[in-house]
Amino acid sequence: MKNLHSLYLSLALILIFSALSPPANSQKISLFNGSTLAGWHMDVPELDDNIDGIKPFIVRDGMLVSLGTPGGHLITDKEYSNYRLEVEYRFAAKPGNCGVLVHASTPRALYKMFPKSLEVQMQHKHAGDFWCIVEDITVPDMVKRRGPEEKWGIVEGKNRRVENLTDDSEKELGEWNRMVVECRADTIEVWLNDDLVNFGFNCTVQKGQIAVQAEGSEVEFRKLELTPLSVKKPHEEAVTLETASGNIEGSLVIPEGKGKFPVAIIIAGSGPTDRDGNNMSMKNNSLKYLAYDLAINGIASVRYDKRGV
């Protein structure tokens, strides 16, 4: 437990630093122009046989509005990768369910409704959860946040929900929430009203369309803005520290590019833990993923095997 708490603390400090650091390419792209749905298209199964039916996505008073029903998705025409997405939203009346999907691709891949993607949940009291929709993601403490491993999955009938880190970050009903979703390489980080609410890595997909849901509740969006991010690819090499009592074996991970980088020393918690965060009873590669996420954000790191491993 001490090891897990240390990992969460490290992740929180690192990701806050990352969030406050301006991206190398800071040109912002507004995905919604305030007057039309240009650049988007709807996928609403109910409209297949009733083209004159109610369309669940409209523009009202300069806002993009998801009416909630009939169910479906508003999907960007373009694909995106390596970006920070800022979304300002509020429930217009009774709070309920909605979400933003990232890395979306094949339409109606799940329940003949949901496109293949990773969902960042906006459901009231559960904002920031991940839902795996025929794609997958890893988080620290997977069993606690996803349930028994044998029930994990990405299709119908499996445990696809990955719980967030806090359910207490939403504003009061009627107030605007600000959600930031940062997709960088194979990681996804989510903030809600400046609180880190989720962090995942080892995503099975790294690019795709962005989608907004109509899923039962009316939601107003006044901002959908994307900022491209640079990615520094990591390079890993073995290192050996010679000491009077024996050698300590470890790994150095360096970001792509030349120049001086800040260096973090990743220290495993108690017990016989190796440099990747694994031991005889658990293998999750959490410290390896942490090192790679640091490198993606321009920070080198050193991690090492505990003695006796």
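Analyst: Of the 309 residues of the protein, 48% count as buried, where buried means under 20% relative accessible area, exposed over 50% and partly exposed in between, with a 1.4 Å probe and protein chains only. This is a predicted model, in which local features need pLDDT of at least 70 and side-chain atom pairs count only at pLDDT 80 or more, while totals for chains, interfaces and linings use all residues. Residues are numbered from 1 along each chain as its sequence is written, and side-chain values use heavy atoms, with hydrogens and water left out.

Along the principal axes, its C-alpha atoms fill a box of roughly 80 × 45 × 35 Å. Among contacts (heavy atoms within 4.5 Å) with a separation of 6 or more, 68% join residues 24 or more positions apart.

Gln-213 counts as buried because its relative accessible area is 1%. Leaving aside residues up to four places away in sequence, Gln-213 touches Phe-57, Ser-66, Gly-72, His-73, Cys-98, Gly-99, Leu-101, Phe-114 and Glu-119. The side chain of Gln-213 also makes a polar contact, at 3.5 Å, with the side chain of Glu-215; such a contact is a pair of N or O atoms within 3.5 Å, one able to donate a hydrogen and the other to accept it within protein, and residues adjacent in sequence count only if both atoms are side-chain atoms.

Thr-76 has its place in strand E5 and is buried, since its relative accessible area is 1%. With residues up to four places away in sequence not counted, Thr-76 touches Gly-39, Trp-40, His-41, Gln-209 and Ile-210. In the loop between strand E4 (63-66) and strand E5 (72-76) sits Pro-70, and the peptide bond leading from Thr-69 to Pro-70 is cis, with omega near -10°.

Most residues other than glycine have a negative phi, and most peptide bonds are trans. Against that background, Arg-108, although not a glycine, has a positive phi of about 55°, and Arg-108 belongs to the loop between strand E7 (99-104) and strand E8 (117-121). Arg-108 is partly exposed because its relative accessible area is 28%. Asp-141, in the loop between strand E9 (130-133) and helix H2 (142-146), likewise is a residue other than glycine with a positive phi, near 60°.

Spanning residues 286-296, helix H3 is mostly covered, with eight of its 11 residues buried, namely Ser-286, Leu-287, Leu-290, Ala-291, Asp-293, Leu-294, Ala-295 and Ile-296. Just after H3, Gly-298 adopts a positive phi of about 85°.

Definitions and conventions. Helices (H or I, at least four residues) and strands (E, at least two) are DSSP runs, numbered from the N terminus.
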